[in-house]
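This report describes a protein chain from its coordinates. It moves from overall figures to selected residues and contacts.

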Amino acid sequence: MALSACLSSSICFHPTSNPRFSPKRTPTTTTSRPLRLLAPPPAAIPPLAADVDGTTIAVIGGGSVAALAAALSLTDPERRRKLQAEEVGGGDKEVVREYFNNSGFQRWKKIYGETDDVNRVQKDIRLGHSKTVENVLKMLADDGPLSGVTVCDAGCGTGSLSIPLAKEGAIVSASDISAAMVAEAEKKLKLFPLSMLCNAREELPGSVMPKFEVKDLESLDGKYNTVVCLDVLIHYPQNKADGMIGHLASLAEKRLILSFAPKTFYYDLLKRVGELFPGPSKATRAYLHAEADVERALRKVGWKINKRGIVTTQFYFSRLVEAVPV
């Protein structure tokens with residue numbers, strides 16, 4: 001089965017229910033205001049595949065799905081996951097914190113940065129993540145100027161969304177479970193031209209620079225016009241993600257924007273392939289989430305999905321949704 005023949009997708013956002021819009025591009029999808037990106041994406045692999053190498057791709061391209069499924073039945077990724085948790089003395093949260101404060105920080109600092117010291121897969125994931133950030137900024141700007149809008153960037157990483165939001169005049173509270181990530185974000189903020197931030201905020205007397213702090217999602221508090229959580233849910237199983245989605249919704253007054261790796265048969269198979277080739281530095285668990293499960297978690301706390309989108313590159317695949325109160 002050729003990989004490129006199986007995986008390709010357009011990038012667009014559309015309201016989930018609005019009679020003013022009518023089908024434009026396909027007979028099955030109601031589309032409005034397609035996001036303008038640099039180019040249509042090629043084939044896609046979930047963002048969790050940062051460590052997939054040529055051997056893995058060869059397995060996908062050259063073997064049958066049945067043979068691959070048989071090989072996967074011989075693996076025991078859950079056992080490896082339990083060992084990881086035991087090593088750091090906790091569950092998913094502790095594994096994520098440990099990883100992104102150590103080897104994971106070094107890897108993702110390069111992916112989120114501008115260094116040329118990245119391999120082909122990492123460079124492609126960088127492109128996918130940057131497209132996700134670009135799409136979120138467009139979603140927010142479509143509703144009007146961001147000056148004075150309060151935004152919680154939950155799982156901010158190195159500030160790739162927080163700093164551009166501040167440039168547009170938003171009042172940003174950013175957090176991450178990793179102290180190393182937060183330190184890197186603060187470092188990047190100091191290198192950012194101060195005049196660009198000041199100019200955006202000249203009509204906001206007393207406004208402050210983006211605030212970065214070390215916190216996990218469940219420890220966040222306060223109220224914000226908008227809450228954004230990008231590429232974080234992949235580290236947590238659905239039962240944990242449900243609680244996190246509910247908590248994030250409780251912080252938002254107007255909208256909640258989430259991105260996650262969607263769960264389908266094919267992407268779940270690719271994830272298991274990656275577990276066949278874990279490598280010495282692959283230390284986090286990766287979870288795919290069915291869009292229906294995310295939508296159910298939102299409905300449970302009185303929210304509904306207003307816009308849906310998808311971002312794909314060759315090694316990055318992410319579902320992006322905007323939710324609003326019912």
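A residue is called buried when its relative accessible area is under 20%, exposed when over 50%, and partly exposed in between, using a 1.4 Å probe and protein chains only. The model is predicted, so local features need pLDDT of at least 70 and side-chain atom pairs count only at pLDDT 80 or more, while totals for chains, interfaces and linings use all residues. Residues are numbered from 1 along each chain as its sequence is written, and side-chain values use heavy atoms, with hydrogens and water left out.

**Overall figures**

Of the 326 residues in the protein, 49% are buried. The protein contains 13 helices and eight strands; helices (H or I, at least four residues) and strands (E, at least two) are DSSP runs numbered from the N terminus. A contact means heavy atoms within 4.5 Å. Among contacts with a separation of 6 or more, 74% join residues 24 or more positions apart.

The loop between strand E5 (224-229) and helix H11 (238-251) holds Asp231. Ile234 is found in the loop between E5 and H11 as well. Ile234 counts as buried at 10% relative accessibility, and Asp231 counts as buried at 16%. The phi angle of Asp231 is near 55°, a positive value in a residue other than glycine. Most residues other than glycine have a negative phi.

Phe260 belongs to strand E6 (residues 252-260) and is buried, with a relative accessible area of 2%. Leaving aside residues up to four places away in sequence, Phe260 touches Leu233, His289, Glu291, Val294, Ser318, Arg319 and Val321. Phe317 lies in strand E8 (residues 317-325). Phe317 is buried too, its relative accessible area being 7%.

Several C-alpha distances link positions that are separated along the chain, as listed here.

| Residue pair | Separation in sequence | C-alpha to C-alpha distance |
|---|---|---|
| Phe260 and Leu233 | 27 residues | 5.8 Å |
| Phe317 and Phe260 | 57 residues | 8.6 Å |
| Gln106 and Met181 | 75 residues | 9.6 Å |
| Ile234 and Ser318 | 84 residues | 9.9 Å |

**Aromatic pairs**

Rings of Phe, Tyr and Trp (its six-membered ring) pair if their centres lie within 6.5 Å; planes under 30 degrees apart count as stacked, over 60 as edge-to-face, and the rest as tilted. By this rule there are two aromatic pairs. Tyr99 and Phe100 make an edge-to-face pair, with 4.8 Å from centre to centre and 80° between the planes. Tyr99 counts as buried at 6% relative accessibility, and Phe100 counts as buried at 10%. Trp108 and Tyr112 make a tilted pair, with 5.6 Å from centre to centre and 45° between the planes. Both Trp108 and Tyr112 lie in helix H6 (residues 103-112), four residues apart, which is about one turn of the helix. Trp108 is buried, with a relative accessible area of 13%.

Gln106 is placed in helix H6. Is Gln106 buried or partly exposed? Gln106 is partly exposed, at a relative accessible area of 47%.

The axes of H6 and helix H7 (residues 120-141) come within 8 Å and cross at roughly 65°. Axes are lines fitted to C-alpha atoms, for helices over the stretch in contact, and angles run from 0 to 180 degrees between N-to-C directions. The crossing of H6 with H7 is right-handed. A crossing is left-handed if the near helix is turned anticlockwise from the far one by less than a right angle, and right-handed if clockwise.

On the H6 side, Arg107, Trp108, Lys110, Ile111 and Tyr112 meet Gln122, Ile125, Arg126 and His129 in H7. The residues of this contact divide into four nonpolar, two polar and three charged. In that scheme Ala, Val, Leu, Ile, Met, Phe, Trp, Tyr, Cys and Pro count as nonpolar, Asp, Glu, Lys and Arg as charged, and the others, Gly among them, as polar.
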